[in-house]
Amino acid sequence: LIITILLPWQREKKTVITPELLKEWVTFLSSDDMKGRNNGSPQMAAAAAWIASQFREDGMGQFSSAPDYIQKYVYKSRSGEISERNVIGYIEGSDPALKSQFIVVSAHFDHIGMNPGGADSVFNGADDNAAGTATLLGIAKYIKDSGLKQGRSLIFVAFSGEEHGVKGSEYFISHCPVPVRSIYADINFEMTGHSELLGKNKYYMTGCPYSDLDDIIKEYEKGTGFRLVDTISITNSLFLMSDNISFSAISSKNGRHTGIPSGTFATSTIPSYLHRASDEADLFDFGNMSSLVDHFSDIVLKLSWEKRPVSWTSPDYVRP
């Protein structure tokens with residue numbers, strides 16, 4: 001008699017977020033009709049409403065501070081005050097000992113708008129960051145549709161304001177709907193649409209020298225065919241440039257930062273189409289993206305049951 005025991009994040013037949021669905025999402029967010037999703041624009045409001053509708057369809061919970069999944073805020077820019085919004089939903093954990101802790105899964109959905117006078121006037125922002133947003137949505141849908149249980153609670157948040165200096169994530173962390181110290185880690189996604197830099201089933205994570213998050217993930221990946229590549233030197237500086245840094249450096253004093261271990265997960269660094277009109281969805285490897293969404297979903301689920309804390313390994317960082 002052979003008895004197969006499935007762990008809480010495992011099932012015999014997995015839910016799959018198909019390349020076709022990811023293409024549909026990315027194409028919508030990066031279409032010319034969205035006019036480059038510039039902060040403060042009607043297109044950003046439409047994008048936020050669409051992301052909220054996806055959260056609603058998935059049956060995600062809402063925080064009272066973000067009714068209908070929308071967290072509104074205002075920030076100052078060179079052109080004046082800009083009204084924007086983050087989109088926030090959550091899935092409650094199932095383990096009594098862990099569900100009061102939270103994993104934040106995040107991505108920004110804004111871009112830089114139009115390029116008046118150019119041959120192609122729309123900076124579509126397909127890889128930066130319709131791809132990361134679609135990855136976020138894919139993980140949320142995977143977890144809800146699969147019926148798998150998560151130990152810790154999961155917060156899914158799409159940020160605006162990243163292109164203006166991580167304004168949305170800064171607002172989120174300073175108006176956090178849960179106690180900041182209860183956040184286990186932030187898993188942030190950017191630029192996940194291409195495979196030509198690293199190859200199939202490979203990605204990098206920023207911030208590897210600063211915490212042991214990458215070491216834990218590498219343990220999960222043994223024998224899976226997926227690989228976190230940690231040999232790209234530019235990732236150390238990219239750690240400071242995306243929304244993850246709002247979690248990891250909530251406050252800083254004398255070169256020491258107080259915050260939550262985090263990393264941004266991506267498949268490309270600074271390609272020739274970054275912040276250019278050539279950043280189009282038809283350049284993507286959606287097959288590879290689908291495989292990575294499946295893998296990232298497994299990572300999030302396994303982290304939700306992980307008994308070890310994610311710890312800073314750099315003396316320059318400390319938890320709250």
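Analyst: Asparagine 129 belongs to helix 3, which spans residues 126-146. In this predicted model, the peptide bond between aspartate 128 and asparagine 129 is cis, with omega about 10°. Most peptide bonds are trans, and most residues other than glycine have a negative phi.

Aspartate 68, although not a glycine, has a positive phi of about 55°. Aspartate 68 is found in the loop between helix 2 (42-57) and strand 1 (70-77). Its relative accessibility is 47%, so aspartate 68 counts as partly exposed. Asparagine 254 is likewise not a glycine and has a positive phi of about 55°. Asparagine 254 sits in the loop between strand 8 (251-253) and strand 9 (256-258). With a relative accessible area of 78%, asparagine 254 is exposed, because the limit for that class is over 50%.

The side-chain pairs come next. Side chains of opposite charge can pair when their charged atoms come close. The model has 8 salt bridges. In one of them, glutamate 84 meets arginine 85, with N and O 3.3 Å apart; both glutamate 84 and arginine 85 are buried. Another joins glutamate 92 to lysine 99, where the closest N and O atoms are 3.7 Å apart. Glutamate 92 is partly exposed at 48% relative accessibility, and lysine 99 is partly exposed at 34%.

Glutamate 219 and arginine 308 also form a salt bridge, at 3.2 Å from N to O. This pair links distant parts of the chain, 89 residues apart: glutamate 219 lies in helix 5 (residues 213-221), and arginine 308 lies in the loop between helix 8 and strand 11 (317-318). Glutamate 219 has a relative accessible area of 40% and is therefore partly exposed; arginine 308, at 35%, is partly exposed.

The axes of helix 1 (residues 19-29) and helix 8 (residues 286-305) come within 8 Å and cross at roughly 105°. Helix 1 is therefore roughly perpendicular to helix 8. Helix 1 contributes Pro19, Leu22, Lys23 and Val26 to the contact, while helix 8 contributes Phe286, Gly287, Met289, Ser290 and Val293. Of these contact residues, 6 are nonpolar, 2 are polar and 1 is charged.

Methods: Residues are numbered from 1 along each chain as its sequence is written. This is a predicted model: local features need pLDDT of at least 70, side-chain atom pairs count only at pLDDT 80 or more; totals for chains, interfaces and linings use all residues. Side-chain values use heavy atoms; hydrogens and water are left out. Axes are lines fitted to C-alpha atoms, for helices over the stretch in contact, and angles run from 0 to 180 degrees between N-to-C directions. Helices (H or I, at least four residues) and strands (E, at least two) are DSSP runs, numbered from the N terminus. Angles under 35 degrees count as roughly parallel, over 145 as roughly antiparallel, 65 to 115 as roughly perpendicular and the rest as oblique. Contact means heavy atoms within 4.5 Å. Ala, Val, Leu, Ile, Met, Phe, Trp, Tyr, Cys and Pro count as nonpolar, Asp, Glu, Lys and Arg as charged, and the others, Gly among them, as polar. A salt bridge is a side-chain nitrogen of Lys or Arg within 4 Å of a carboxyl oxygen of Asp or Glu. Buried means under 20% relative accessible area, exposed over 50%, partly exposed in between (1.4 Å probe, protein chains only).
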